[in-house]
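Welcome, and thanks for opening the viewer. Let's take a walk through this chain together, one selection at a time.

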Amino acid sequence: MSVRVRRIYEPPEPDDGLRVLVDRLWPRGLAKDAAEIDEWPKGLTPSSELRTWYHGGGSYEEFRRRYEAELDAPEAAELLDGLRKSARAGQVTLLTASKKPEQSHASVLAELLAG
């Protein structure tokens, strides 16, 4: 299983495989055709409430716990299973606008997919 996390603002690379935007909101200042995304499963993204809480100063550990709980919801669990199947079939690159991808929901997803 091959999953990696990249910033959406980095240019696409030939070995990205399936490019999946995992942010709820479209990244600022980025043209949709320049992003070259294959999927945008908004049901896998943290809720607006959780995102606001985290950006308001919440801890990453608590954010992770709450986000994993949100991923247990039926729609998110189904999307996660689909992404897991894609990762088993080939390279998947999770794309985020986060300035710190290693402390974002994208890294949580990558760890769950690699799992």
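What volume does the largest pocket have? It comes to about 640 Å³. Keep in mind as you look around that this is a predicted model.

**Stop one: the pocket**

To find the middle of the pocket, select Asp23, Arg51, His55, Ala97 and Ser98: of the 21 residues in the lining of the largest pocket, these are the closest to its centre. Now colour helix H2, residues 48–55, which gives the most to that lining, with three residues. If you switch to colouring by residue type, the lining of the largest pocket divides into eight nonpolar, seven polar and six charged residues.

**Stop two: the whole chain**

The secondary structure of the chain comes to five helices and three strands. Follow the chain along the sequence and you will read the pattern β-β-α-α-α-α-β-α. The C-alpha trace spans about 35 × 30 × 20 Å along its principal axes. How does the radius of gyration of the chain agree with that of a compact globule, and what is its value? For 115 residues, a compact globule would have a radius of gyration near 13 Å, and the chain, with 13 Å, agrees with this. Of the 115 residues, 37% count as buried. If you display contacts with a separation of 6 or more, 60% of them in the chain are accounted for by residues 24 or more positions apart.

**Stop three: strand E3**

Next, select residues 92–96, which form strand E3. Is E3 largely enclosed or open? Five of its five residues are buried, so strand E3 is largely enclosed by the rest of the structure. Show the side chains and look at each face in turn. In a regular strand the side chains alternate between the two faces of the sheet. Here, Val92, Leu94 and Thr96 are on one side of E3, Thr93 and Leu95 are on the other, and all are buried.

Strand E1, residues 3–7, runs parallel to E3 and is joined to it by five bridges. To locate this pairing, pick Val3, which stands opposite Val92 in E3. Then bring in strand E2, residues 18–21, which pairs with E3 in the parallel sense over four bridges.

Step back to Gln91, in the loop between helix H4 (74–89) and E3. Gln91 is partly exposed, with a relative accessible area of 23%. Which residues does Gln91 touch, leaving aside those up to four places away in sequence? They are Ser2, Val3, Arg4, Asp15, Asp16, Gly17 and Leu18.

**Stop five: the loop between H1 and H2**

Finish in the loop between helix H1 (32–35) and H2, and start with Glu36. Check the backbone here: phi of Glu36 is near 50°, a positive value in a residue other than glycine. Glu36 is partly exposed, with a relative accessible area of 48%.

Now move to Pro41, also placed in the loop between H1 and H2. Is Pro41 buried or exposed? Pro41 is buried, with a relative accessible area of 11%. Select Val20, Leu21 and Leu79 to see what Pro41 touches, not counting residues up to four places away in sequence. Pro41 and Leu79 are 38 residues apart along the chain, and their C-alpha atoms are separated by 7.1 Å.

Methods:
Residues are numbered from 1 along each chain as its sequence is written. This is a predicted model: local features need pLDDT of at least 70, side-chain atom pairs count only at pLDDT 80 or more; totals for chains, interfaces and linings use all residues. Side-chain values use heavy atoms; hydrogens and water are left out. On a 1 Å grid over the protein atoms alone, a cavity is a set of points where a 1.4 Å probe fits but cannot get out, and a pocket is an open set with protein on both sides within 12 Å along at least five of seven lines; lining residues have an atom within 4 Å of a point. Grid points are joined across faces, edges and corners, and a volume is the space filled by probe spheres set on the points. Helices (H or I, at least four residues) and strands (E, at least two) are DSSP runs, numbered from the N terminus. Ala, Val, Leu, Ile, Met, Phe, Trp, Tyr, Cys and Pro count as nonpolar, Asp, Glu, Lys and Arg as charged, and the others, Gly among them, as polar. Buried means under 20% relative accessible area, exposed over 50%, partly exposed in between (1.4 Å probe, protein chains only). Two strands pair if DSSP finds at least two bridges between them. The radius of gyration is taken over C-alpha atoms; the globule rule is 2.2 Å times the number of residues to the power 0.38. Contact means heavy atoms within 4.5 Å.
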